[in-house]
Amino acid sequence: MARSKTRHVCSQCGHEALAWTGKCPGCGEWNTLQQETHPAAGRGAGRRAAPSAAAAPRSVPLREVAAPEVARLETGIGELDRVLGGGIVPGSMVLLGGSPGIGKSTVGAMALGNLAAAGRRTLYVSGEESAAQIRLRAERLGERALDVPVIAETALADVLAAIEAERPEVCVIDSIQTLHADESAGAPGSVGQVREAAAALTGVAKRRGTAVILVGHVTKEGSLAGPRVLEHLVDCVLMFEGERERSYRTVRALKNRFGATSEVAVFEMRSGGLIEVTDPSARFVGEATAAPGSCVLCAMEGTRPLLVEVQALVAPTEIVPPRRIATGIDRNRLSLVIAVLARHGGVSLGSADVFVNVAGGVRIDEPGADVAVALALASAHRGEPLHRGEGPLACFGEIGLTGELRHVAHPERRVAEAVKFGLGPVIGPPAAEPIDALDPHKSIRDALRAASTGAVRRAA
Ligand code: TYD
Ligand code: MG
């Protein structure tokens with residue numbers, strides 16, 4: 001029986017359907033199914049000869065597999081190298097995602113500039129901007145960025161030919177959504193086009209040992225535009241986050257075949273490009289206020305402790321249900337903290353609008369932020385500041401549903417970071433081993449009492 005030659009693929013989740021529907025059966029999004037022509041549909045399928053034992057590939061014990069040590073290509077941007085796990089692996093594919101204007105092109109141009117200065121062959125392929133526009137950016141970034149060879153091209157075949165001809169060691173494709181292959185149907189940026197371009201680039205990357213950095217846009221919901229297949233295809237997915245209006249931006253690894261995914265790099269956008277913020281705690285603590293509704297959270301970003309200011313505002317509401325706005329923390333965790341405060345902390349926010357914000361535009365993705373959110377909310381509700389002496393109050397810990405404070409990873413590093421900035425003693429859950437400068441509390445009620453009276457005692 002002849003199989004249908006066309007199919008409909010969702011541009012959000014990659015779900016394939018035979019017929020077009022307004023709503024994707026895979027992810028429930030509207031108007032995301034796009035028609036695609038199936039290459040050589042059905043031909044030859046099921047008509048293969050029975051496999052012969054002689055032609056079967058032989059397996060090799062892992063011990064005998066040759067695994068040569070490859071030297072990494074350092075981008076010269078220390079924070080970026082750290083997130084990558086020590087630099088770019090030759091022949092690897094890196095996907096750099098982020099919303100427009102966040103600094104993807106800037107970091108790409110800076111990395112290539114540094115690599116070119118270190119004697120590496122580089123290539124910058126731009127489908128978004130003209131060569132003249134790229135030059136204007138490079139001028140802001142300094143001498144090094146001007147040495148990078150550039151082509152402004154959107155035809156996939158031409159880009160592949162350029163890579164074959166120039167044999168760069170590192171190549172930036174800015175962006176994958178602008179490339180188009182003639183053979184594949186659909187507009188640039190559609191599922192078929194993105195998949196085809198990424199697959200062809202992967203082929204050339206592996207064959208020529210070229211490391212390819214694919215720049216990709218994200219949708220307004222925050223996921224990478226185009227199919228999720230892109231994330232499966234590449235070795236490393238980096239996400240550029242932050243708000244365009246603020247100067248701080250973070251780069252975190254969502255997937256990394258050559259390193260940890262917990263590392264986060266902090267950058268600041270200046271007039272001369274992105275500057276690494278190697279000691280972000282100093283910035284955020286310096287900006288922290290000791291006003292009501294503010295406290296300092298000892299967070300962990302991967303293996304690194306990070307002090308950030310958590311701010312809360314509690315105001316009488318005029319609407320039902322009241323507003324719960326969270327910036328930089330998970331909204332569900334905020335709801336949980338509000339519920340626990342009402343039930344176990346004696347702080348009822350049922351008739352108030354609640355806003356919680358992590359200052360500096362940083363996003364904290366760990367349950368260790370709960371206590372800071374709770375203390376900031378209680379302080380905002382009472383209108384009493386949470387400071388001790390000069391500085392703001394520092395804390396960390398997860399809150400359980402019964403109002404208990406729960407252990408989170410690396411309490412000693414969190415406390416040590418706070419002490420470094422003169423913020424000890426730190427309110428937190430009891431630790432397995434006593435930590436100097438930790439003020440341990442078993443429940444949120446105890447922590448609230450300690451924070452509000454300022455009676456923070458030093459652990460024995
Ligand atoms: P860009 O890297 O073009 O963002 P993306 O490629 O992610 O869309 O740059 C983002 C913004 O940064 C842009 O609005 C201009 C600003 N910028 C600076 O503030 N300083 C600089 O040195 C450069 C190059 C850009
Ligand atoms: Mg760009």
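Which residues form a nonpolar patch on the surface, and what is their accessible area together? The patch is made of V60, L62 and V65, with about 310 Å² of accessible area together. Patches consist of residues with over 30% relative accessible area and no salt bridge, where like charges are joined within 9 Å and nonpolar side chains (Val, Leu, Ile, Met, Phe, Trp, Tyr) within 5 Å. A salt bridge is a side-chain nitrogen of Lys or Arg within 4 Å of a carboxyl oxygen of Asp or Glu. Accessible areas come from the Shrake-Rupley method with a 1.4 Å probe, and for residues only the protein chains shown count as cover.

This is a predicted model, in which local features need pLDDT of at least 70 and side-chain atom pairs count only at pLDDT 80 or more, while totals for chains, interfaces and linings use all residues. Residues are numbered from 1 along each chain as its sequence is written, and side-chain values use heavy atoms, with hydrogens and water left out.

L62 sits in the loop between strand 3 (33-37) and helix 1 (78-84), and the place of V65 is in the loop between strand 3 and helix 1. Helices (H or I, at least four residues) and strands (E, at least two) are DSSP runs, numbered from the N terminus. The table gives exposure; buried means under 20% relative accessible area, exposed over 50%, and partly exposed in between (1.4 Å probe, protein chains only).

| Residue | Exposure | Relative accessible area |
|---|---|---|
| L62 | exposed | 77% |
| H232 | exposed | 58% |

H232 belongs to helix 6 (residues 229-233). Leaving aside neighbours within four places in sequence, H232 is in contact (heavy atoms within 4.5 Å) with K255 and R257. Between the C-alpha atoms of H232 and A290, 58 residues apart along the chain, the separation is 46 Å.

An open sheet of 9 strands has mixed pairing and the order 6-5-7-8-4-9-10-11-12. Strand 6 (150-152) and strand 12 (273-276) stand at the edges with a single partner strand each, so one side of each is left without a neighbour in the sheet. Neighbouring strands of this sheet are turned by 25° against each other on average, direction ignored. Two strands pair if DSSP finds at least two bridges between them. Strand 5 (residues 122-126) and strand 7 (residues 170-174) run parallel and are joined by 5 bridges; S126 has D174 in strand 7 as its bridge partner.

Helix 5 (residues 191-208) lies across strand 4 (93-98), strand 7 and strand 8 (211-217), and runs at about 140° to strand 4. Axes are lines fitted to C-alpha atoms, for helices over the stretch in contact, and angles run from 0 to 180 degrees between N-to-C directions.

How values were computed:
Chains lettered and ligands numbered in written order.
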